[in-house]
Amino acid sequence: MTLDGAFFDRSVHEVAPELIGATLLVDGCGGTIVEVEAYHHEDPASHAFRGRTKRNAAMFGPPGHAYVYRSYGIHWCLNLVCEPEGSASAVLVRALEPTEGLERMRERRALDDERLLCAGPGRLCQALGITRDHDGLALDAPPFELRARAKEPELARGPRIGITRAADLPWRYGLAGSRFLSRPFRR
């Protein structure tokens with residue numbers, strides 16, 4: 001089953017854990033989502049916290065669309081917009097277990113280690129070829145393909161990574177025991 005706007009038209013806190021185990025493909029490259037982080041519009045770590053800007057405009061758009069931004073001026077990051085239009089909440093996709101288009105991903109990343117192809121939001125976007133051109137695109141239409149998970153996985157949960165504001169909130173979700181996580185969860 002393809003995940004569409006209706007799937008994302010809910011609380012970011014409902015959507016984020018349900019994305020673990022879903023399949024994300026971009027032009028046929030991708031795999032199983034194994035790690036995400038939730039960013040709510042009232043969250044001081046969210047790009048939308050201070051209001052709409054040209055950079056974060058996609059977050060204020062309809063649910064089920066991509067919000068792509070550059071982190072530290074270097075890496076692209078992919079977020080999936082949630083909640084009713086205008087709410088500006090999104091899920092950052094942090095890591096995938098690569099399963100499709102491996103050769104293309106290896107070429108883009110110039111590395112063979114399958115574990116490191118998509119372990120981290122910047123690596124993931126490089127492997128999938130995601131750029132600013134994907135910002136605002138619908139997730140249920142090419143080049144994206146997003147399929148629901150086949151079964152409910154065992155989840156790990158903990159604080160988000162690489163932020164200074166609201167860093168203690170347990171809004172990072174992952175596939176328990178996955179070797180493809182960007183960073184292991186604390187026990």
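This is a predicted model: local features need pLDDT of at least 70, side-chain atom pairs count only at pLDDT 80 or more; totals for chains, interfaces and linings use all residues.
Pro-143 sits in the loop between α4 and β6, the strand spanning 144–147.

Next, step back to helix α4, residues 121–128. Colour the helix by accessibility. How many of its 8 residues are buried? The count is 6, so the helix is mostly covered; buried here means under 20% relative accessible area. Select Pro-121, Gly-122 and Leu-124, then Cys-125, Ala-127 and Leu-128: these are the buried residues of α4.

What covers them? Show the strands β1 (23–26), β2 (29–39), β4 (75–82) and β5 (89–100), which are among the covering elements.

Go to Ala-110, in the loop between α3 and α4. Phi of Ala-110 is about 55°. Is Ala-110 buried or exposed? Ala-110 counts as exposed, because its relative accessibility is 70% and the cut-off for exposed is over 50%.

Last, select Asp-27, in the loop that links β1 and β2. Asp-27 has a positive phi near 50°. Its relative accessible area is 46%, so Asp-27 is partly exposed.

Conventions: Residues are numbered from 1 along each chain as its sequence is written. Side-chain values use heavy atoms; hydrogens and water are left out. Buried means under 20% relative accessible area, exposed over 50%, partly exposed in between (1.4 Å probe, protein chains only). Helices (H or I, at least four residues) and strands (E, at least two) are DSSP runs, numbered from the N terminus. Contact means heavy atoms within 4.5 Å.
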